[in-house]
Amino acid sequence: MQLRAVAFDHPDAVKLNDQVQLEYVERYGDGEGDATPLDASMFAPPSGLYLIAYDVDERPVATGGWRTQDENPMGYSDGDAELKRMYVIPEARGLGLARRILAALEEDARAAGRTRMVLETGDMQPEAIALYRSSGYEPCAKFGHYRCYESSLCMAKPLTRS
């Protein structure tokens, strides 16, 4: 597997985003998916990064990104890096790709001077919750587009060097 930095509007990123949106609809049954407003400029270095994992056949199989956040009315704090669109296609799950992407995104955000990685996930995504907990993320005050939803779970991890 190879990780590559791409733009959020790259055709492979759009394809994977469409797939994760369908999964959100299936899991939450709302017909909408994740309606958080996003655009490609939010993931452009040095204010963010978007990664895709490609398999040996050059198929895009996993994705994830981070974007800069600072204190604002949506509940973010200065120094935040927000994790977005973590997704692994069903056939590539169990290979450690999400953990590999997460580590790469954390390192990049740390190098960009961000002090905390934050994420929002939902209570119908137990695999994601398990990944984040096992990677050192802990519950935090709610933030972002879904902060008023009961099913929303917000987590954070300091991006300090060990």
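**M117 and its surroundings**

Tutor: Setting aside residues up to four places away in sequence, M117 touches W66, A81, E82, L83, L105, E106, A109, Y137, M155, A156, K157 and L159. The model is a predicted one. One of these contacts, K157, is also the bridge partner of M117 in β7. The two strands involved, β5 and β7 (residues 152–158), run antiparallel and are joined by seven bridges.

This pairing belongs to an open sheet of seven strands, ordered β1-β2-β3-β4-β5-β7-β6, with mixed pairing. The edges are taken by β1 (2–5) and β6 (138–139); each has a single partner strand, so one side of each is left without a neighbour in the sheet.

Helix α2 lies across β1, β2, β3, β4, β5 and β7, and runs at about 25° to β3. Helix α3 packs on the sheet too, touching β4, β5 and β7, and its direction makes about 160° with that of β5.

M117 is also among the residues with the most contacts inside the largest nonpolar core, together with L83, L105 and Y132; that core has 37 residues. At least two core residues come from each of α1 (11–28), β2 (48–54), β3 (60–69), β4 (80–88), α2 (97–111), β5 (116–122) and α3 (126–134). The most are given by β2, which supplies six. Another core, of five residues, lies apart from this one and includes Y76, V118, F143 and C154.

Notes. Residues numbered from 1 in each chain as written. Predicted model: local features only at pLDDT ≥ 70, side-chain atom pairs only at ≥ 80, totals over all residues. Heavy atoms only, no water. Core = buried A, V, L, I, M, F, W, Y, C linked by side-chain atoms within 4.5 Å. Buried < 20%, exposed > 50% of the residue type's maximum accessible area, 1.4 Å probe, protein only. Helix = DSSP H or I, 4+ residues; strand = E, 2+ residues; numbered from the N terminus. Contact = heavy atoms within 4.5 Å. Pairing = 2+ DSSP bridges. Axes fitted to C-alpha atoms, helices over the stretch in contact; angles between N-to-C directions.
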